[in-house]
Amino acid sequence: MTRHNDLKPANDDDVFEVGAPLRTGRLDEILGFHLRMANVAIYQDYTAAMGDIGLTQKQFAVLELIAANPKVSQIDIANQLSMDRATMMALVNRLEGRNLLERQPSPVDRRRQELLLTGDGIEILKQARHIQEQHELRFTSRFTAEELEEFINGLKRIYADITPRTQQTD
């Protein structure tokens, strides 16, 4: 049976005072907790920064991937971003509804839909890149170039074994 003292956080040496900042206890030693808190900070700043053009992080990523890979299929993007087909289709539908991308049937495989940026998509991506650079700078400026490179490489090691799923037709 677990006793109350067994659950006492390591840094809980006195009584919690109402209105005081919460002690994090054992959470302070958990990588996932810190990744989540960092993600919340970045997400909130990104959402505020992109508010005027109404572009989510996922939508920005999709536009960037299409710009880098013209005529890419939506399933290839979904695999790269570890998204399911339904979510990817809804996202592409929203971007197409805003006239930011267009779908074309592949001349090689009619089941495959190729994605291309429209003129509006290119313009919004230019705006979004500028906003995103400023957003990114608010966080990357907290590190030296060496620290940032090491940090990003460390993050990549965390998700290195999460490879894109095998190709499927869409």
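Which residue forms a salt bridge with Arg138? In this predicted model, the partner is Asp45, with the closest N and O atoms 2.9 Å apart. Arg138 lies in helix 5 (residues 119-140) and Asp45 in helix 1, so the pair ties together parts that are 93 residues apart in sequence. Arg138 counts as partly exposed, at 36% relative accessibility.

Step back to the whole chain. The protein has 6 helices and 3 strands. Along the sequence they follow the pattern α-α-β-α-α-β-β-α-α. Of its 170 residues, 25% count as buried. The accessible surface is about 12,000 Å², and carbon and sulfur atoms hold 55% of that. Among contacts with a separation of 6 or more, 54% link residues 24 or more positions apart.

Now return to the charged pairs. Side chains of opposite charge can pair when their charged atoms come close. The whole structure contains 6 salt bridges. One of them joins Arg129 and Glu64, at 2.7 Å from N to O. Arg129 sits in helix 5 and Glu64 in helix 2, so this pair ties together parts 65 residues apart in sequence. Arg129 is partly exposed at 35%, and Glu64 is partly exposed at 22%.

Asp109 and Arg111 form another salt bridge, with closest N and O atoms 3.1 Å apart. Asp109 counts as buried at 18% relative accessibility, because the cut-off is under 20%. Arg111 is exposed, at 55%.

Finally, look at Gly54. Gly54 is in the loop between helix 1 (31-49) and helix 2 (57-68). Its relative accessible area is 41%, which is partly exposed. Beyond residues up to four places away in sequence, Gly54 touches Gln59 and Arg98. Its C-alpha atom is 9.9 Å from that of Ile124, 70 residues away along the chain.

Note on methods
Residues numbered from 1 in each chain as written. Predicted model: local features only at pLDDT ≥ 70, side-chain atom pairs only at ≥ 80, totals over all residues. Heavy atoms only, no water. Helix = DSSP H or I, 4+ residues; strand = E, 2+ residues; numbered from the N terminus. Buried < 20%, exposed > 50% of the residue type's maximum accessible area, 1.4 Å probe, protein only. Contact = heavy atoms within 4.5 Å. Areas by Shrake-Rupley, 256 points an atom, 1.4 Å probe, with all protein chains shown as cover. Salt bridge = Lys/Arg side-chain N within 4 Å of Asp/Glu carboxyl O.
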